[in-house]
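Me: Could you walk me through a few features of this structure? I'm new to reading these.

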Amino acid sequence: GKPERITLDRRSVIFHPPAMQMHVSVLSPDSKVMYVHPGKGPSGKPVAELWSYLFERETWVQVQWRKDSDAPLAREMHSGVSLAKGLLIFGGSLGKRAFSDVWHFPFGGDRWKRIEIKSTLKPPTLWGHSAVVYNNLMWVFGGTADDSEVTADLWSFDLARRQWVVHKPATNDEEEVQTPGARKGHTANIFRHCMVIFGGHDSGSVFKNDLWLYDFNTTLWQQIKLQGNIPQPRNFHTAAIWQSTLYVHGGNRENGILNDFWSLDLSHLCK
């Protein structure tokens with residue numbers, strides 16, 4: 001559809017997080033608190049902090065954890081989801097170092113917990129991937145692996161069992177197997193019983209503006225053909241779904257940073 005124009009109030013807040021990018025944010029189950037785990041700070045290096053924003057009080061709070069407990073190293077381009085009444089982060093990078101660790105911080109708690117993986121099979125170190133929650137599982141797609149190759153793998157993580165499972169593309173007897181292909185810097189959102197993937201760029205640094213659905217019921221990928229006026233190819237943008245509409249904002253492309261805002265009606269999909 002056509003770019004939408006909106007006006008937002010810029011609030012004057014005395015105490016707030018530092019400037020940051022490549023960070024993650026999640027909502028508490030009651031939607032009253034947003035937790036932000038920083039990425040790269042104003043110095044150009046990742047920041048090891050945790051912040052929360054209390055919507056009803058319109059207040060930022062820097063979350064403190066016990067100094068006698070372990071905590072994740074600072075990182076960027078990791079993922080964060082809300083699961084098991086807490087923030088669950090996975091992967092990311094710090095300079096030339098990449099991570100495959102999983103950490104959980106309970107909402108309202110004061111201690112990070114590193115999740116010890118019980119499964120033999122697990123993802124490589126990943127950054128620039130996506131993560132969503134469906135049926136109490138964290139689903140991770142794509143990203144750059146420890147061999148610097150961009151991947152097309154789809155993983156699920158069961159926090160209760162502490163086990164990873166890799167999901168190979170399902171085959172349809174009547175059609176050729178479809179997959180989004182390797183990519184990073186894309187977005188992933190849950191809509192009904194599907195995961196919606198948009199944009200990113202591939203192993204050849206080709207920017208994407210394609211839309212894909214992963215159906216959790218059939219375990220099949222499907223590309224949705226976009227027609228008319230569509231967003232430019234991009235990566236490291238943001239996307240959210242409200243009601244039955246996908247909203248996409250900003251991102252990077254070959255000629256710089258984008259500041260456009262798009263909406264797409266999804267109501268006819270994933271029925």
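Reply: Two strands pair if DSSP finds at least two bridges between them. Strands themselves are DSSP runs of E, at least two residues, numbered from the N terminus. Here, Y53 has W60 in β4 as its bridge partner. This is a predicted model, where local features need pLDDT of at least 70, side-chain atom pairs count only at pLDDT 80 or more, and totals for chains, interfaces and linings use all residues. Residues are numbered from 1 along each chain as its sequence is written, and side-chain values use heavy atoms, with hydrogens and water left out.

Me: How many bridges join β3 to β4?

Reply: There are 4, and β3 (residues 51-54) runs antiparallel to β4. Both belong to an open sheet of 4 strands, ordered β1-β2-β3-β4 with antiparallel pairing. Its edge strands, β1 (24-27) and β4 (59-62), each pair on one side only.

Me: Is L87 buried or exposed?

Reply: Buried means under 20% relative accessible area, exposed over 50%, partly exposed in between (1.4 Å probe, protein chains only). L87 has 1%, so it's buried. You'll find L87 in strand β6 (residues 86-90). Contact means heavy atoms within 4.5 Å, and L87 touches residues including V26, H37, W103 and F107.

Me: Which residues does the disulfide join?

Reply: A disulfide is a pair of cysteine sulfur atoms within 2.5 Å. This one joins C194 to C270, with 2.2 Å from S to S. The pair links distant parts of the chain, 76 residues apart: C194 sits in strand β16 (residues 194-201), and C270 in the segment after β21 (256-265). C194 is buried at 2% relative accessibility, and C270 is buried at 11%.

Definitions and conventions:
Lists of a residue's contacts leave out its neighbours within four places in sequence.
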